[in-house]
Amino acid sequence: MEFLAALCQIKPALGKLDDNLADHLEWIDKATEKKADLAMFPELSLTGYLLRDLAQEVALPIEAEPIQKLVSRSKDISIVFGFVEETSEHQFFNSAVFAEGGEILHVHRKAFLPDYGIFEEGRYFSAGDSMRPVQSRLGKFGLLVCEDAWHLSAGWLQFLQGVDAFLIPAASPARGIEADNEELSSQASWRTLREAMAIFFQSWVIHCNRVGVEDGAMFWGGSGVISPLGELQAEAPGAEEHLLLENISSEATKRARIQLPLLRGSRPDFVRRQLAQILQDPDALQESRP
Amino acid sequence: MALQDIPPPPTCNGSLAEAVLTAFLKEETSKAGFSKALLGLSGGVDSALVAELAARALGPENVLGLALPYKDSAPESLQLGKEAAHHAGIPIEILDITAIAKAHASAGAVDKKDQTRFGNILARIRMVALYDRSAKEGALVLGTSNKTELLLGYGTIHGDLASAINPIGDLYKSQVWSLSKHLGVPDEIVRRPPTADLWEGQTDEEELGFTYPEVDALLHLMVDSRYSKKTLLKEGFSEGLIDTVKARVQQNQYKRRPPIIAKLTPRTINLDYRYARDWGS
């Protein structure tokens, strides 16, 4: 595996699908000019984030023309983008699409919907119930949409299935400006999280966060690529649109996995037995049981 | 209680706050379809800070300061308002509201000795002046109420609390001071005892009954860090202060929300007809 990733740190316009689609096509052109193999966009990149009641209005079935237009652009470059997916049962998902060779290879429906702070995704979206990787011509990827990455279980499930890299489209708003902060506390948390994730799973972490302001909340950008040994390889500046390019290679993964052979020691069967026991014990999870 | 016995007020990394707030001003102004903004310059630190931020975000030529003195306003207020404008590099215009206030007070039979009513009239006349000018200039009205004031309800609804967008509403007064210093707001403005200047000799801290550093320390732990009363007492805050502040914050919730609408239909505005304000832009 050896490819050039282009992280398109864009500023989607709230609810303006046509504008955002045109913008995506421009950024894909830019990434193509740089000879990138993958163009990756942030969470809900076609719609904007703070949708509220707009969520159902901007939702599209996967066959819809704007989606297919973007997908058809993936003949020479693989594309990851986000939108509100409407199923034939009129369920709505916060989805990320992996398109390649002019086709959709995979749709990841965000499985962990945040409902705290400024987030209210559970009000609008159904939670995805699958955590499967996508086998691409570039490698095997685990897609995790923003909050998914905060649940170690989600990353672990992908890891067990042998991913080379985690692709994390995100929409993280800025907060935490105290004097002893060197950076926004939300950015600092993500920095720790994505590096830890790379170390836990000896995998590349490719995190594309959006920029722009929606109703007072500023998305801080700072998209980054972390090596399988947990080292930051490249990072976009905060607050502005940016095309971040970085080479991803499986050689780094190999070195990390020789140094830290945690995949072979992960014992999924043991975890499954323990989990089954815990779930059967009425007292074990108590109030925390979902 | 001595200040050193309680936790310090919340702090602010000037560069981080400046980056977020200038991005906020730039984007929320342009999304609303504006390239210009205006604000009332009271001679206090809050409006001086907003002027600095707006000048940086939009360019000083796109920001207008209005000084709106009443005949009994402290002369220092006008002088420091001019200084704030000068430092931010923005133009300032002066509109004396004395005649309007007198006419309004006499039409409504308001005695000037009724300080609250008369003070509210002054604050609302200033709002009218700012919004009128906003329409003329095609400039958005910037809010200058900080988080401490908003939580305590220390402001006039539809008066100084009225604005289109507010860059400092999530900064406590202590953070306003520290960000102002970071941006080089003149010292005499930063150090001036905070006052609404609605009557002679008025100061915020005397009227509120506590100092900003202590109430900021308390509010920060109570609101942002969700400390329980038990923990706040352990941290050294007096029960009297905790109860007074909590009651005040609760009583003034109405000033922080749009009016309550009686629900009749399946989708009531703001209750279950829910769109971001940016939807319209």
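In the predicted model, A:Arg52 lies in the loop between strand E2 and helix H2 (54–58) of chain A, where helices (H or I, at least four residues) and strands (E, at least two) are DSSP runs numbered from the N terminus. The phi of A:Arg52 is near 50°, a positive value in a residue other than glycine. Most residues other than glycine have a negative phi. A:Arg52 is partly exposed, with 17 other C-beta atoms within 10 Å; a residue is buried if 20 or more other C-beta atoms, placed from the backbone, lie within 10 Å of its own, exposed if 12 or fewer, and partly exposed in between. A positive phi, of about 65°, is also found at A:Lys35, which is not a glycine and which sits in the loop between H1 and strand E2 (38–40) of chain A. A:Lys35 counts as exposed because it has 11 C-beta neighbours inside 10 Å.

Residues are numbered from 1 along each chain as its sequence is written, while chains are lettered from A and ligands numbered from 1 in the order in which they are written. Because this is a predicted model, local features need pLDDT of at least 70 and side-chain atom pairs count only at pLDDT 80 or more, whereas totals for chains, interfaces and linings use all residues.

The axes of helix H1 (residues 17–33) and helix H3 (residues 65–72) of chain A come within 11 Å and cross at roughly 5°, the axes being lines fitted to C-alpha atoms over the stretch in contact, with angles from 0 to 180 degrees between N-to-C directions. H1(A) and H3(A) are therefore roughly parallel to each other, a description used for angles under 35 degrees. Their contact (C-beta atoms within 7 Å) is made by A:Leu17, A:Leu21 and A:His24 of H1(A) and by A:Pro66, A:Lys69 and A:Leu70 of H3(A).

In helix H5 (residues 152–160) of chain A, the residues A:Ala154, A:Gly155, A:Gln158 and A:Phe159 are buried. These four residues lie on the same side of H5(A), because they cover an arc of only 135° around the axis, taken from the directions from the helix axis to the C-beta atoms. The buried residues of H5(A) pack against strand E7 (140–143), strand E8 (165–170) and helix H6 (185–201) of chain A. H5(A) is followed by A:Gly162, whose phi is positive, near 85°.

Between the chains, the contact takes 19 residues from chain B and 20 residues from chain A. The model scores ipTM 0.92 and pTM 0.94.

Key
Contact = placed C-beta atoms within 7 Å. Parallel < 35°, antiparallel > 145°, perpendicular 65-115°, else oblique.
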